[in-house]
Amino acid sequence: MEVWSPVSTVTSSFASTGTFPPLSPGNGPRVCDPAARGLAGLRERSDTLWGTPSTARHCPGNVLLIPCCKLRAVAGSMRDYDEVTAFLGEWGPFQRLIFFLLSASIIPNGFNGVLLGSFVCGQLSDRFGRKNTLFATMAVQTGFSFLQIFSVNWEMFTVLFVIVGMGQISNYVVAFILGTEILGKSVRIIFSTLGVCTFFAVGYMLLPLFAYFIRDWRMLLLALTVPGVLCFPLWWFIPESPRWLISQRRFREAEDIIQKAAKMNNVPTPGVIFDPVELLELTSLKQQKAIILDLFRTQNIATITIMSLLLWMLTSVGYFALSLNTPNLHGDAYLNCFLSALIEVPAYITAWLLLRTLPRRFIIAGVLFLGGGVLLLIQGVPADYNFLSIGLVMLGKFGITSAFSMLYVFTAELYPTLVRNMAVGVTSMASRVGSIIAPYFVYLGAYNRVLPYILMGSLTVLNGIITLFFPESFGMALPETLEQMQKVKGFRSGGKTKDSMDKEENPKILITSF
C-alpha cells in the first residue's frame, strides 16, 4: 500500500487559515488501492509537477492525491524566495519606498563610534522580528539621547551614552538585514552601499554642521534627537520581513505583505504565491537553531570567523582613528570633520561599482592597500605641507571606508542562512573593539605626529594581505548550511558525509535570510 496526501484539502485549508489541517480520518493522508491508478481526472499541473499519471490522481471524492514519497522528492525543486516573488519586479514603488525609508532611518546613526548592541541585535531580530527590533532600538537610541540632556555629571552622561550606542548599532544592523531580505538581488548591493552607508555619511556630515552653529552641548543633543523622532512614523510604512515571517511559519502574514507590494507596484498577483505543497514540506522540517559556537564548529569555519574578526577589527581601527584624528589636522576642526564625512560618499559609490562586477577578495584587498599605502607616505611629507598631508589622510580614509562598506556584503555572502545574522553581529562587534582601541592610536600623535599614520598604514596593509586568504563569494550561490560554506584558500575540502552529499543533490532551499 502507498500513503497519499489530499492536496486539495490541504490547499483549501491553507488558503482560508494560513495553516495546514491536522491529520484526521476526514482530511489526513489516505490509503489508496494501487488498482485505482487507472482513474482519470488528473489536475492540469500533474504531468509537470507530479510526474506521470501513475503518481498523481483523483480518488473517490474528487480529491487529488499525491504520494508522500513524491512530496519528499519535490523538495529538491523548491523555489527560493526570490523566485517566488519575481513577479513583483526589482525596482517598483514598493522597493523604492523601502529603500529610501530604511536608508533614512540610518541618518541618526552617524552621530554616535558603539559595541554592545552589535552582539545582541542579530539574536533579538531573529527572535522578535526585524521590524519590532528596528523600532525598539530606534526608541532606545532616541529616548536615551534625549535623557542625556538632563545629565547632572559626567558619569551619568557616559552611562546614557553607552545605552544610546547600543540602540544605534542595533538600529543600523537590523535595518541592513531588513532591507537585504525585502529587496531583490539586483538592489541589495546598492542598498548595502549607496543606501545605508551613504545615509550614514549624511548623518556624519550633519554632526559637525550642527556643532558649528549650536555651541551649547545640551541644545546640540536636543537637535541631534529630532531626526530620530521623525523616524517613528515610518512604522506604518515599513513592513516586517516576509522571509522572517516564513521562517516563523507565519505564512499568511508574509503573503499579505507580498500582495500589498504587488498592489503598490501595480502588478497582478498570482493565484497562489506560496505553493501549499512546498509549505507543507517546509512545515514538516524542524527549524534549526544556531548558537555562537557554530561559528567555530569546524577548522574551516573557525578560520574564516577568526580572519573575519581580525578583518573587521583592524579596518575599524583605521576608520575610527582617522575620523577621531581630524581635529588634530591643520585648519578648522569643524571643516576637517565635515570633509572626513564628505569623502565617504565617493568611497561608497566606488564600493558599489566594484562590488557589481569584481571578485570580493581582490577589491577589498586593493582598497586596503590603497588606504594603507598613502597613510605610510605621510611620514615623508614636510611638516609645513599641511594641505598635502590632509589630502593623503582623506585618500587613506577613502580607501578604508570603501573596504569597510564592502565587509557587510562580503560577510553576509560567506556565511550560511543559519548563522548569517549572528556572524554579521559578532564581526560588527569586533569592529567596535577596534573603535575602542582607535583613540589610543590618536594619542600617539603627542609623541610623534606621523607615528599614528605609520601604525595605521602598516595594519591596513597587513589587513589587505589577510583578505587574500578568504574564500571567494562573488558569483557563488548563498550558502544555506554550514557544509556549503566555501573553503579557506589552502584548505582541502576533505571528505563529505552522506548527509551533506544528500543535501547537495537535493537541496531543500526555500527561504534565504539575505
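A salt bridge here is a side-chain nitrogen of Lys or Arg within 4 Å of a carboxyl oxygen of Asp or Glu. The model is predicted, so to speak: local features need pLDDT of at least 70, side-chain atom pairs count only at pLDDT 80 or more, and totals for chains, interfaces and linings use all residues. Residues are numbered from 1 along each chain as its sequence is written, and side-chain values use heavy atoms, with hydrogens and water left out.

**Exercise 1. Find the salt bridge between Glu255 and Arg252, and say why these two are about one helical turn apart.**

Step 1: The side chains of Arg252 and Glu255 form a salt bridge, with 3.4 Å from N to O.
Step 2: Both sit in helix H12, residues 251–265 (helices are DSSP runs of H or I, at least four residues, numbered from the N terminus).
Step 3: They are separated by about one helical turn because they lie three residues apart in H12.
Step 4: By the salt-bridge rule, the count comes to seven.

**Exercise 2. Describe how H9 and H10 pack.**

Step 1: Take H9 (residues 185–213) and H10 (residues 217–230): their axes are 10 Å apart, at an angle of about 145°. Axes are lines fitted to C-alpha atoms, for helices over the stretch in contact, and angles run from 0 to 180 degrees between N-to-C directions.
Step 2: Now look at contacts (heavy atoms within 4.5 Å): Leu207, Phe210 and Ala211 in H9 meet Leu220, Ala223 and Leu224 in H10.
Step 3: Sort them by class, and you get six nonpolar, no polar and no charged residues.

**Exercise 3. Which residues of H15 and H18 make their contact?**

Step 1: The axes of H15 (residues 333–342) and H18 (residues 386–414) come within 9 Å and cross at roughly 35°.
Step 2: Asn336, Leu339 and Ser340 of H15 touch Ile390, Met394 and Lys397 of H18.

Methods. Ala, Val, Leu, Ile, Met, Phe, Trp, Tyr, Cys and Pro count as nonpolar, Asp, Glu, Lys and Arg as charged, and the others, Gly among them, as polar.
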